[in-house]
Amino acid sequence: MLVLVAPGQGAQTPGFLTPWLELPGAADRIAAWSEAIGLDLVHYGTKADADEIRDTAVAQPLLVAAGLLSAAALGEVSPGAVAGHSVGEFTAAAFAGVLDDTAALRLVRTRGLAMAEAAAVTATGMSALLGGDPEVTVPHLEKLGLTAANVNGAGQIVAAGTLEQLAALEADKPEGVRRVVALKVAGAFHTHHMAPAVAKLEAAAAELSPADPAVTYVSNKDGRTVATGAEVLARLVGQVANPVRWDLCMETFQELGATALIEVCPGGTLTGIAKRALPGVATVALKTPDDLDAARTLIAEHAAV
């Protein structure tokens, strides 16, 4: 059983979209999406520097567009389940047919702008903690006023809060944590700091008519599968200010009998976690078009017929 997953913010790197635009039809598709959302995705995916694509309002639609473009390059895929990490859930919603590509990109453009506005109120950020026991780490973060915004599994938790709180974490790491790594994001996502963005996203979502998922959709909120488009959309709105439970998503992949996992562009983060948390599950990360053949081989061996 094949799972198709999409990464979240922080996975982007300067120029990562460049080789994908050389594929037949890719440049036209990106140009159409750029016009639809009022953002030059070609520029940001090929020429912009790290600081430019760190901007939440840019990074989020850029990541969703890259995920959709790379998945389209695979051709026909019949995954047993789909999921996305944080903003990757919008990519997954398009994979599942809940939203069409353009609707997903327009909604995520609204999300990025609203979250950037919320992030501008207070200087906040996120840091990944490598190692440690969640039962020890989470209370320690709470003591420092931080939120365990991403519980990713395989010994990785992402803390979010003010820059002062994150600096205190650097000086006072939880027992067992080897390193604290600042992430390339511009705010404390999935925390109460993002509450102002929820209302704006809710208003935009109210104008959409989501379809029920055509394939199994696994939610960040609690790792559960979601059967209706209305519920998927409600969860996409709410997850802006709530923690991501990727650990529970992977538990569900196991329960569903996952044997393979493909992470769409810019792949690497989620396959890295899966290699540690899902032993025996074959993985491919789509970083460049050179990875497409390996992914197609995995599809032929593991996807539903």
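Me: What should I know about the model and its numbering before we start?
Reply: Residues are numbered from 1 along each chain as its sequence is written, and side-chain values use heavy atoms, with hydrogens and water left out. The model is predicted: local features need pLDDT of at least 70, side-chain atom pairs count only at pLDDT 80 or more, and totals for chains, interfaces and linings use all residues.

Me: How much space lies in the largest pocket?
Reply: On a 1 Å grid over the protein atoms alone, a pocket is an open set of points with protein on both sides within 12 Å along at least five of seven lines, while a cavity is a set where a 1.4 Å probe fits but cannot get out. Points are joined across faces, edges and corners, and a volume is the space filled by probe spheres set on them. For the largest pocket this space is about 450 Å³.

Me: Which residues lie nearest the centre of the largest pocket?
Reply: Lining residues have an atom within 4 Å of a point, and 28 residues line the largest pocket. Nearest its centre lie Gln9, Gly10, Ala11, Leu183 and Thr269.

Me: How do the lining residues of the second largest pocket divide?
Reply: Among the residues lining this pocket are Leu4, Phe95 and Val215. Ala, Val, Leu, Ile, Met, Phe, Trp, Tyr, Cys and Pro count as nonpolar, Asp, Glu, Lys and Arg as charged, and the others, Gly among them, as polar. The lining divides into 9 nonpolar, 1 polar and 1 charged.

Me: Which helix gives the most to the lining of the largest cavity?
Reply: The largest cavity holds about 30 Å³ of space. Helices (H or I, at least four residues) and strands (E, at least two) are DSSP runs numbered from the N terminus. Helix H4 (56–73) and helix H5 (88–95) each supply at least two lining residues. The one giving the most, with 3 residues, is H4.

Me: How are H11 and H12 set to each other?
Reply: Axes are lines fitted to C-alpha atoms, for helices over the stretch in contact, with angles from 0 to 180 degrees between N-to-C directions. The axes of H11 (residues 246–256) and H12 come within 12 Å and cross at roughly 60°. Angles under 35 degrees count as roughly parallel, over 145 as roughly antiparallel, 65 to 115 as roughly perpendicular and the rest as oblique. H11 and H12 are therefore oblique to each other.
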